[in-house]
Amino acid sequence: MKSLNFHRANASMTACAVVLLMAAAATFADESEEVAKLYKQGNLGKALGQADAYLATRPKDAQMRFQKGLILTEQNRIADATKVFSSLSEEYPDLPEPYNNLAVLYASQGQYDKAK
């Protein structure tokens, strides 16, 4: 009988873990969508604040860091945006988007050799 209780407890814990993971994914999706929505609306200050708040607890999140880079670019904070995209390209070398955005930033400053 003890074995049966163990299996039930194990199944319950697994089910709880799945629910928690789904909730965490939904929370990220909601926060990411909210930041994207604020960005599209031109509410850059609030979008940056929410991105920073999210990244304070999840600093390695590449998608949110990328969104932050876009916001900084739109705010004409080119040096800060360059830092974000540079660190993303170093930490995630297989992602093409940070390289593309770096090239655009460098080209906009006339730094064509770096843009290549």
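Predicted model: local features only at pLDDT ≥ 70, side-chain atom pairs only at ≥ 80, totals over all residues.
At 60% relative accessibility, N76 counts as exposed. This residue lies in the loop that links α3 and α4. Although N76 is not a glycine, its phi is positive, at about 65°.

The mean pLDDT of the chain is 82, and 75% of the residues reach 70 or more. Over residues 3-28, in contrast, pLDDT stays under 50, and for this stretch the model has 4 contacts beyond four places in sequence.

Helix α3 comprises residues 62-74, and its axis lies 8 Å from that of α4, with which it packs at an angle of about 155°. Because angles over 145 degrees count as roughly antiparallel, α3 is roughly antiparallel to α4. The crossing of these two helices is left-handed. On the side of α3, the contact is formed by A62, R65, F66, G69, L70, L72 and T73, and these meet I78, D80, A81, V84, F85, S87, L88 and E91 of α4. By class, the residues of the contact between α3 and α4 divide into 9 nonpolar, 3 polar and 3 charged.

Helix α4 also packs against helix α5. The axes of α4, residues 78-91, and α5, residues 96-108, come within 9 Å and cross at roughly 150°. This angle makes α4 roughly antiparallel to α5. The crossing of α4 and α5 is left-handed. The contact of α4 with α5 contains 9 nonpolar and 4 polar residues, and no charged residues.

One residue of this second contact may be examined individually. S86 is located in helix α4. Its relative accessible area is 18%, and since buried means under 20%, S86 is classed as buried.

Notes
Residues numbered from 1 in each chain as written. Heavy atoms only, no water. pLDDT = per-residue confidence, 0-100. Contact = heavy atoms within 4.5 Å. Axes fitted to C-alpha atoms, helices over the stretch in contact; angles between N-to-C directions. Helix = DSSP H or I, 4+ residues; strand = E, 2+ residues; numbered from the N terminus. Parallel < 35°, antiparallel > 145°, perpendicular 65-115°, else oblique. Left-handed = near helix turned anticlockwise from the far one by under 90°. Nonpolar A, V, L, I, M, F, W, Y, C, P; charged D, E, K, R; others polar. Buried < 20%, exposed > 50% of the residue type's maximum accessible area, 1.4 Å probe, protein only.
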